[in-house]
Each structure stands twice: as structure tokens, then as C-alpha cells.
Amino acid sequence: MRAGLFVVKAAGVWYNGRMIKLTPLFSGSKGNSTLITSGGARVLLDAGYGFKATVAKLGELGVRPQDVSAIVVTHEHGDHVAALPIWTRHFRTPVYVPAASAQCLRTKCCCADIREVTQDFELCDMHVDVFCCSHDARACLGYRFSDKNQSVASVTDTGVATMRLVHFLQPCTSIMLESNHDGEMLQKGNYPYLLKKRIASDTGHLSNEQAAKILQRLLGSSVRNVVLAHLSQQNNTPRLAYDCAAQMYEQNGVQVGKDVYLYVADQFRNEVTI
């Protein structure tokens, strides 16, 4: 494996001196969090790892907790909200959550400024579109963040590769897309049968093959930067996820590193900004 194949420092695409950037902080079974920046806005998409580790990771990027304009939550599962109770105890950061998850998070985060998401909304200088994911949570949303020039999106924790998802991602320059598991590793692994069934179900997680199918349907769209995310540590490897997508691109005459840039987010070490 070439050094830097999966963890690469990358710059986003500039438009008129402005750009929206997406930076994975933590991605995987143990916790998920991503920083979205646009102009002066600093938005945390999920806060699913420990509070201290999240603050430290933001600090590496020159962002203080009080600089965070808002926290946008995909759903109430622990690997997406673990840091929220302590965060909201110390900071009055507005927290945007799917309406069906709001009461659950109000119970966990008694001091939080919870704002219910029922439809697309405005946040700082961005318009935020929502995508209803197929996942076994009270509600689960993917998000697309747009300014007047470009869009970035993140969709994880969904079990079905649909044309609805393709259409949601098509306007974006950069996307973060779930590539949770390798089908063969999952079936041959030591997870209990019911857990395997749940992960592979329509309300579970996208496999490498499903993610590649979505990316294939996005050929010819605006998408130029792709981060494969939310990898299972037991049922996937960065190599398998990367190769599955890269082989699809190669088979369709698309050159990775020239026509499209492909990365794999890591649970702890991420140096990718798209």
C-alpha cells in the first residue's frame, strides 16, 4: 500500500474566492463527527465521540468550541451524539436535530438549545437541505450544505442505495458517503446473526458495493471529491472500501486522482478537507 493512499491532505474547489469545506474529525463505529465551514460559519455535523477528544481535534484545526456556530445532528444513536451532554452543559451552541429525536436528546442534554428539523432550513450563510435516511432510529437525516456557488453533502446511516439519494447528491462538488461494510466480511464474521441481519437490512448501513453503485450513478454529475465514511472496524477495511469504489471508476474510464478524488475517512486520524 502506498503511503498516503487513504489519508491525503486535499484542498476543496474554490468558487469566487469562497468555498464550503467538509472535514471529517471522527468516522466509524466508535463515533462520528465532521466539521463544515463556510465563510465565518463553523458547523459541527454530529458530536459522536468524546467531548475532550472532539475539543482537541477541533483545536488542531484552530477552532475553539465557542467558535462553533451550530451542531447539526443526524440521529440520536450514541455514536453520533456522545459528546452532546457535556458540550451543551458548557456551551449554548444551537443544536439542530430531527424532530422525532428531539425529546430523546432534550432528556440527555438538559441544558441544550434544541431546534427541531422538519424541513430544509437556513443556517448562517448556508441553505441546508435534508435527506430522510432509511435507518433504525427515531429519525435519521443526511444533509446538503449550500452557498450561492456550491454544495457539499454527508449521508451515512442509511440502508438503501436509491435514485432519491443519487438525486440528492448530484448538485454537490464534494460528498461524504457511507461505505460501512464488505458483504463477505460481514457474513463470515463473528457478529450474531440478528446483528448481521440488521446491518445488511434496508434500515441498516450501506455496503461497499452499494456505495460504489451510488457513485456509478453519479458519473457525469458535479461530484469531484468523495470521502467514504462510517467504516465498520470489524466488517470492513480501508483497502476494501477504496478498491471497490476505485475499480468502479476504472471500469467506467474515470481516473482517480485526476477526474475524481477519492478518500477513506478514518476513525481517529483524518487529514482530509474537501
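**Entry 1: sheet and helices**

I began with helix α9 (residues 238-251), which lies across β12 and β13 and runs at about 160 degrees to β13. Helix α8 (residues 208-217) lies across β11 (174-178) and β12, at about 150 degrees to β11. For these angles, axes are lines fitted to C-alpha atoms, for helices over the stretch in contact, and the angles run from 0 to 180 degrees between N-to-C directions. Contact means heavy atoms within 4.5 Å. Helices (H or I, at least four residues) and strands (E, at least two) are DSSP runs, numbered from the N terminus.

I note that this is a predicted model, in which local features need pLDDT of at least 70 and side-chain atom pairs count only at pLDDT 80 or more, while totals for chains, interfaces and linings use all residues. Residues are numbered from 1 along each chain as its sequence is written, and side-chain values use heavy atoms, with hydrogens and water left out.

I then traced the open sheet of 7 strands, whose order is β7-β8-β9-β10-β11-β12-β13, with mixed pairing. β7 (121-123) and β13 (261-264) stand at the edges with a single partner strand each, so one side of each has no neighbour in the sheet. The twist averages 20 degrees from one strand to the next. Two strands pair if DSSP finds at least two bridges between them. Strand β12 (residues 225-229) pairs with β13 in the parallel sense over 4 bridges. Val226 stands opposite Leu262 in β13.

**Entry 2: two residues**

Is His230 buried or exposed? I found His230 in the loop between β12 and α9; His230 counts as buried, at 2% relative accessibility. Buried means under 20% relative accessible area, exposed over 50%, and partly exposed in between (1.4 Å probe, protein chains only).

Thr37 lies in strand β2 (residues 33-38) and counts as buried at 10% relative accessibility. Thr37 touches Met19, Ile20, Lys21 and Arg42, again leaving aside residues up to four places away in sequence.

**Entry 3: cysteines**

How many disulfides does a search of the whole structure find? I record 0, with a disulfide taken as a pair of cysteine sulfur atoms within 2.5 Å. The cysteine sulfur closest to that of Cys111 is in Cys110, 3.8 Å away, which is too far for a bond. Cys111 counts as partly exposed, at 35% relative accessibility. Cys244 is in no disulfide, and the nearest cysteine sulfur, that of Cys133, is 20 Å away.
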